[in-house]
Amino acid sequence: MITIKDFTFEPARPAVAPGTPITVVNKDPETHTLTATGGKAFDTGKVASGQTVTFTAPDKAGSYPFICTFHPYMKGTLTVR
């Protein structure tokens with residue numbers, strides 16, 4: 001699970017197995033996204049305040065940097081191994 005709170009991703013550097021479902025919970029008053037950079041590996045789309053969404057980690061091992069497209073200073077990296 002990744003929680004969005006205080007304009008940060010917690011944890012900011014999650015590690016999962018390939019194909020793992022990842023739940024994202026937005027505990028901020030603003031809408032956010034969790035979007036892979038440098039490709040289309042994953043994108044939650046808009047996650048409204050109080051909303052929970054789930055996406056599937058990529059099948060290929062590697063590091064996948066991500067941001068919130070509305071607040072690009074919000075950053076993290078998903079490690080698939």
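In what order do the four strands of the open sheet lie? The sheet has the order β3-β8-β7-β5, with mixed pairing. The structure is a predicted model, in which local features need pLDDT of at least 70 and side-chain atom pairs count only at pLDDT 80 or more, whereas totals for chains, interfaces and linings use all residues. Residues are numbered from 1 along each chain as its sequence is written, and side-chain values use heavy atoms, with hydrogens and water left out.

Strands are DSSP runs of E with at least two residues, numbered from the N terminus, and two of them pair if DSSP finds at least two bridges between them. At the edges of the sheet lie β3 (15-16) and β5 (35-36), each of which pairs on one side only. Strands β7 (residues 62-67) and β8 (residues 75-80) run antiparallel and are joined by six bridges. Within this pairing, Phe66 has Gly76 in β8 as its bridge partner.

Phe66 also belongs to a cluster linked by ring pairs, together with Phe9, Phe42, Phe55 and Tyr64. Rings of Phe, Tyr and Trp (its six-membered ring) pair if their centres lie within 6.5 Å. Four aromatic pairs are found in the whole structure.

His32 is located in the loop between β4 (21-26) and β5. With a relative accessible area of 0%, His32 is buried (under 20%, with a 1.4 Å probe and protein chains only). The side chains of His32 and His71 are joined by a polar contact of 3.1 Å, a term for a pair of N or O atoms within 3.5 Å, of which, within protein, one must be able to donate a hydrogen and the other to accept it, and residues adjacent in sequence count only if both atoms are side-chain atoms.

Definitions and conventions:
Phe/Tyr/Trp six-rings, centres within 6.5 Å; stacked < 30°, edge-to-face > 60°. Buried < 20%, exposed > 50% of the residue type's maximum accessible area, 1.4 Å probe, protein only.
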